[in-house]
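Dear colleague,

I am handing over the structure we spoke about, with the sequence alongside. Please have a look at it first; my notes follow below.

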Amino acid sequence: MTQLSVRDALLLCMALVAIAILGVSGTATWYLLLAAVLFSIGVVGVMVRRNPLVLFMCIDLMLNAVNLTFVSFSRALNDLGGQVVVFF
C-alpha cells in the first residue's frame, strides 16, 4: 500500500472543494467527505508535528471541518440550528 504524501492530500482536498463548490450533488455527501479529509489532515498534523504554531493551525483545521459538518447537516435538514452554532 502506498503512502499518501502531503501534496497528494492537498490536491485531493482541493478537488473535493471544487466538487463541493460546483454542487455536483444535492446531498451533503461531498461536504461531509471534504470535512472528513480536512479533519484527518488536522489529526495527522497534531500527531506528527511538535511546533506549537503548526499544532494550533492543525487544531483550527479540525475545528473548521466540524463547522463544515454543522453547516452541511443544517443545509441538508433545512434547519438553521447548525449555521447558528457555527456563527456563534
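The chain has 4 helices and 0 strands, and from the N terminus on its elements run α-α-α-α. Please keep in mind that this is a predicted model. The chain averages a pLDDT of 79, and 73% of the residues score at least 70. That confidence is lowest in helix H1 (residues 6-22), where the mean is 66, and highest in H3, where it is 89.

Among contacts between residues at least 6 apart in sequence, 39% join residues that are at least 24 apart.

Helix H2 is the element I went through in detail. With 20 residues (29-48), H2 reaches 28 Å from its first C-alpha to its last, close to the 28 Å expected at 1.5 Å a residue. Which residues of H2 are buried? They are Tyr31, Leu34, Ala35, Val37, Leu38, Gly42 and Gly45. These residues cover an arc of only 160° around the axis, and therefore lie on the same side of H2. As a reminder, an α-helix has 3.6 residues a turn, so residues three or four places apart point the same way. The face of H2 turned away from that buried side carries the exposed residues Thr29, Met47 and Val48.

Met47, which belongs to helix H2, counts as exposed because its relative accessibility is 57%, where the cut-off for exposed is over 50%. Met47 can also be placed relative to Cys58: the two are 11 residues apart in sequence, and their C-alpha atoms are 9.6 Å apart in space.

For context, most residues other than glycine have a negative phi. Is Asn78 buried or exposed? At 73% relative accessibility, Asn78 counts as exposed.

With best regards

Terms used. Residues are numbered from 1 along each chain as its sequence is written. This is a predicted model: local features need pLDDT of at least 70, side-chain atom pairs count only at pLDDT 80 or more; totals for chains, interfaces and linings use all residues. Side-chain values use heavy atoms; hydrogens and water are left out. Buried means under 20% relative accessible area, exposed over 50%, partly exposed in between (1.4 Å probe, protein chains only). Helices (H or I, at least four residues) and strands (E, at least two) are DSSP runs, numbered from the N terminus. The expected span of a helix is 1.5 Å times one less than its number of residues. The arc is that of the directions from the helix axis to the C-beta atoms. Contact means heavy atoms within 4.5 Å. pLDDT is the predictor's confidence in each residue, from 0 to 100.
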